[in-house]
Amino acid sequence: MKAPRETEELTLVGAGLAGSLLSIFLARRGHRVTILERRPDPRIAGAVGGRSINLALANRGIHALERAGLMERLRPLLIPMAGRMLHDEDGRLQLVPYGNKPHEVIYSVSRGGLNAMLMDAAQASGRVSIRFGQTVEGVDFEARSARSRSGADGAIRDFPFRVLIGTDGSASAVRAAIMERAAGSLSEEPLGHGYKELSIPGLAGGGFPMEKNALHIWPRGEYMLIALPNADGSFTATLFLPNQGDESFEALRTEDDVRSLFERRFADAIPMMPALTRDFFANPTGHLETVRCRPWSFGDEALILGDAAHAIVPFHGQGMNAAFEDCDALDVLLEGAVRPWNGIFSAFESQRRPNADAIAAMALENYVEMRSTVREPLFQLKKTIAFRLEERHPRRFIPRYSMVMFHRIPYSEAQRLGAIQEGILNELTRTARGVEEVDYETADRLIAERLPPDVRLPEP
Ligand SMILES: Cc1cc2nc3c(=O)[nH]c(=O)nc-3n(C[C@H](O)[C@H](O)[C@H](O)COP(=O)(O)OP(=O)(O)OC[C@H]3O[C@@H](n4cnc5c(N)ncnc54)[C@H](O)[C@@H]3O)c2cc1C
């Protein structure tokens, strides 16, 4: 088996968020990288609409971008979001902060802008070449070649590779090839809910039509509308609904159906959405699922990462962040590596799989929190108590949301500690009705008994 060499030529499939960032890390280690990308160059053709125009970037993603030397360039494009701005059915607003400290914010970033910046930086390295309009349709592992169809003329071409890395997203062709060749297992668990992107334009004279520094949510129990700010004063809204049922995408057949749902449930959003029904019928309905598969690699030939290995539902705002953390983790494994590629691939999978499983589960849980429980007084009380406990025990009690979004404590550890925290908060709120009624002596005792002295220790 061959060990990674400085001069190695690597082939990536997919120049999305993970592929573009990974190519930069690999180029910095001296590799030459060719990326086969299905789309035409989005910097020339324009980004494809209808699929999360903006994204929430958090600490894990920022750390990876910092290590790749890109954060300084990206920072001016980011819009901080300090919390969730809840819109109730009467149009009343309530800001529920994400974190307990001023710097604990997440950032809205344009997917197209970020992807373009990553592609620019990759190509500027002089070691990365992106072949646009190439859709990989199959992999021949024996011949070490990837079969690709040209978007320009449909011509089929075989691209030889030495090492192939699939960063080709949730419907990954490289994953399909690995599953077939390695007799792997694949589960694609549909959420049963889909999403639709809608637009909220900026104000005519410039400026934002709602609070700029927040992620807006209209939680409605079984479903929700959300909106994230864009740099030009607009917001991109996303409607999440069940696929079927009385209030579902299936039930919204006419413009009147859509208008009626919004009038009943999202009335305060209507004046801000002049193109509501046009957007609704022009934009595709997105599908949401959790993808779990094994193995993530085949021999020393191929590896998958990012959504290709572990696509998750978007409700923790962590899919891209987890994909960037994958790139960072692989880069760290490559540091001074003399191991063969298959050793690196196995180490990567052992390290990342438990974390991918954990964030997949937490992302599913967060859908219920965002669309429903966030409105409940008990949820808000627990959140406030958790912040108080964090102030009392800053190294020991970091709320689960903060561990995921503002730290790099492994996802699996955040999930484990979060379950212990939830038990403590349940006990404390059995008797306390308000934050001042909490028995902090009991809280301190439970924390000392159940939580490790420094939960930040596993942070690499
Ligand atoms: C509605 C929604 C909202 C989201 N919000 C957030 C958020 O706020 N924060 C967050 O962290 N994450 C969010 N995500 C998740 C995030 O979009 C993904 O996790 C992230 O894009 C994964 O990056 P990737 O590079 O692995 O895959 P992708 O970004 O999907 O990139 C895959 C690339 O591969 C190319 N490709 C695909 N198939 C082939 C092929 N056969 N041959 C050649 N090229 C191919 C594609 O054209 C694409 O360029 C959201 C997702 C959705 C759907």
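The crossing of H1 and H5 is left-handed, where left-handed means that the near helix is turned anticlockwise from the far one by less than a right angle, and right-handed means clockwise. Before going further: this is a predicted model, in which local features need pLDDT of at least 70, side-chain atom pairs count only at pLDDT 80 or more, and totals for chains, interfaces and linings use all residues. Residues are numbered from 1 along each chain as its sequence is written, and side-chain values use heavy atoms, with hydrogens and water left out.

**Helix pairs**

Two packed helices are described by the angle between their axes and the distance between the axes. Here the helices (H or I, at least four residues) and strands (E, at least two) are DSSP runs, numbered from the N terminus. Axes are lines fitted to C-alpha atoms, for helices over the stretch in contact, with angles from 0 to 180 degrees between N-to-C directions.

| Pair | Angle | Axis distance |
|---|---|---|
| H1 and H5 (residues 111-124) | about 25° | 9 Å |
| H10 and H11 (residues 341-371) | about 140° | 10 Å |
| H14 (residues 411-431) and H15 (residues 440-450) | about 160° | 10 Å |

As for labels, angles under 35 degrees count as roughly parallel, over 145 as roughly antiparallel, 65 to 115 as roughly perpendicular and the rest as oblique. H14 is therefore roughly antiparallel to H15, H10 and H11 are oblique to each other, and H1 and H5 come out roughly parallel. H10 passes H11 in a right-handed crossing, and H14 passes H15 in a right-handed crossing too.

**The ligand and its shell**

H1 and H10 turn up again around the ligand: H1 (17-28), strand S2 (32-37), strand S3 (54-57), strand S9 (134-140) and H10 (319-334) each supply at least two residues of the shell. There are 31 residues around the ligand, and Ala18, Glu37, Ala56, Arg111 and Asp307 come nearest; a residue is near if one of its heavy atoms lies within 4 Å.

By type, the shell splits into twelve nonpolar, twelve polar and seven charged residues. Nonpolar covers Ala, Val, Leu, Ile, Met, Phe, Trp, Tyr, Cys and Pro, charged covers Asp, Glu, Lys and Arg, and the others, Gly among them, are polar.

Now the polar contacts, which are pairs of N or O atoms within 3.5 Å. The side chain of glutamate 37 puts an N or O atom 2.6 Å from an oxygen atom of the ligand. Leucine 17 has a polar backbone atom 3.3 Å from a ligand oxygen atom, while a backbone N or O atom of arginine 38 lies 3.1 Å from a ligand nitrogen atom. On its own the ligand has 980 Å² of accessible area, and the protein covers 92% of that (Shrake-Rupley method, 1.4 Å probe).

Key:
A polar contact is a pair of N or O atoms within 3.5 Å; within protein, one must be able to donate a hydrogen and the other to accept it, and residues adjacent in sequence count only if both atoms are side-chain atoms.
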